[in-house]
Amino acid sequence: MLWTVLFALLLLLVLQAQLCVCLRELRASTATASASALALPPLPPPPSQTTTTAATAATNATAQRLPGAIIIGVRKGGTRALLEMLNLHPDVEVAKAEVHYFNLDENYRRGLDWYRAQMPFTLPGQLTVEKTPGYFAAPLAPERAWQMNPAVRLLLIVRDPAERLVSDYTQVLHNRLQRHKPYQPLEELLLLDDDIDDDGGGGNDRRARRIDPGYKALQRSLYHVHFQRWLEHFPREQIHVVDGEALVRDPYPELRKAELFLELPPRIRPSNFYFNTTKGFYCLVSAGHDKCLDESKGRPHAPLSQRAFHKLCRFLREPNKRFFDLVGRTFRWC
């Protein structure tokens, strides 16, 4: 009997211990479930922070953009110098090579996507500038440029058209000689021989020489013909004329006018230029580095007799006057 009672008590103690363990486990699981139910989800980033990040990414995105300004000419007028000087401005990026999009049919047929792919990468707010001096005298270039962007700004740098012609010939001559190809003297290309019969018999005729109006280099120097074509598509105020001789003498004033025309803040300074006595023209300084134009700039001109040059100047007087009337200013040319 005693053993039965003791066994019953022992069993009761074991059951009580088991019950306590179960109660503790139940309370622990209930507390965990409650805490999970009351926990808040993580807060999203503030809307302003998200917006700012997206705006910053868009602002810093570089892309190739169509040019907002084009240097259209003239050939051998100082277009490379003007482009390099404009590139001093932090808000300007330039196409490094002449694209010839509007004046060469094979390039124009490639379309605007190809043209855009030739441009530098720029940030929003920067100005893309392209220069191809062949545009100025190309008959189809004005209309094609207008179709690309009627608001594009055009820069035309001009110099004495007689000097320009000689420089044009000099470049062609240099290129021919480098390829070991012959080339006629300038005077033979520029002047035509006319026979004047003095006695009517043809025996004692003397020869007179006149300007050949069909000479291609001369055609490029008839500025009024080409400028009139551009004015048929663009208003005069959308074409900025740069004085090439003034740019050579003192670059800064001409660059300041160009900044105003392009609506750029004044960032180019007189300290960006220094005169190189060895080369005989101004070189550029930017971020502590100097840069001079290549050796072809300032190359000595091919020979042309004074008589032929004066004849050329007389021929160009009337075309020059017509150009002055179109641009509303005069230049001190021969």
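**View 1. Ala69 and its surroundings in the predicted model.** Leaving aside neighbours within four places in sequence, Ala69 is in contact (heavy atoms within 4.5 Å) with Leu127, Thr128, Val129, Glu130, Val152, Arg153, Leu155 and Leu262. This is a predicted model: local features need pLDDT of at least 70, side-chain atom pairs count only at pLDDT 80 or more, and totals for chains, interfaces and linings use all residues. Residues are numbered from 1 along each chain as its sequence is written, and side-chain values use heavy atoms, with hydrogens and water left out. Ala69 lies in strand β2. Strands (E, at least two residues) and helices (H or I, at least four) are DSSP runs, numbered from the N terminus. Ala69 has 0% relative accessibility, so Ala69 counts as buried. Buried means under 20% relative accessible area, exposed over 50%, and partly exposed in between (1.4 Å probe, protein chains only). Ala69 and Leu155 are 86 residues apart in sequence, yet their C-alpha atoms are 7.4 Å apart in space.

**View 2. The five-stranded open sheet.** The strand order is β3-β5-β2-β6-β9, with parallel pairing. Two strands pair if DSSP finds at least two bridges between them. β3 (92-94) and β9 stand at the edges with a single partner strand each, so one side of each has no neighbour in the sheet. From one strand to the next, the twist averages 25°. β2 and β5 (residues 127-131) run parallel and are joined by three bridges. Here Ala69 stands opposite Val129 in β5. Helix α10 lies across β2, β6 and β9, and runs at about 155° to β9. Axes are lines fitted to C-alpha atoms, for helices over the stretch in contact, and angles run from 0 to 180 degrees between N-to-C directions.

View 3. Not counting residues up to four places away in sequence, Tyr115 touches Leu66, Pro67, Ile70, Val99, Tyr101, Phe102, Glu130, Tyr135 and Met148.

**View 4. Helix α7 against helix α13.** α7 (residues 161-178) and α13 (residues 306-327) pack at about 125°, with axes 9 Å apart. The two helices are therefore oblique to each other. Angles under 35 degrees count as roughly parallel, over 145 as roughly antiparallel, 65 to 115 as roughly perpendicular, and the rest as oblique. Pro161, Ala162, Glu163, Leu165 and Val166 in α7 meet Phe309, Leu312, Cys313, Leu316 and Asn320 in α13. These contact residues divide into eight nonpolar, one polar and one charged. Ala, Val, Leu, Ile, Met, Phe, Trp, Tyr, Cys and Pro count as nonpolar, Asp, Glu, Lys and Arg as charged, and the others, Gly among them, as polar.

**View 5. Two hairpins that share β11.** Strands β10 (residues 273-276) and β11 (residues 281-286) run antiparallel, joined by four bridges. Phe273 has Leu284 in β11 as its bridge partner. Their hairpin has four residues between the strands, and Gly280 takes a positive phi near 85°. Three bridges join β11 to β12 (residues 289-291), also antiparallel. There Leu284 has Lys291 as its bridge partner. The hairpin of β11 and β12 has two residues between the strands, and Ala287 takes a positive phi near 55°.
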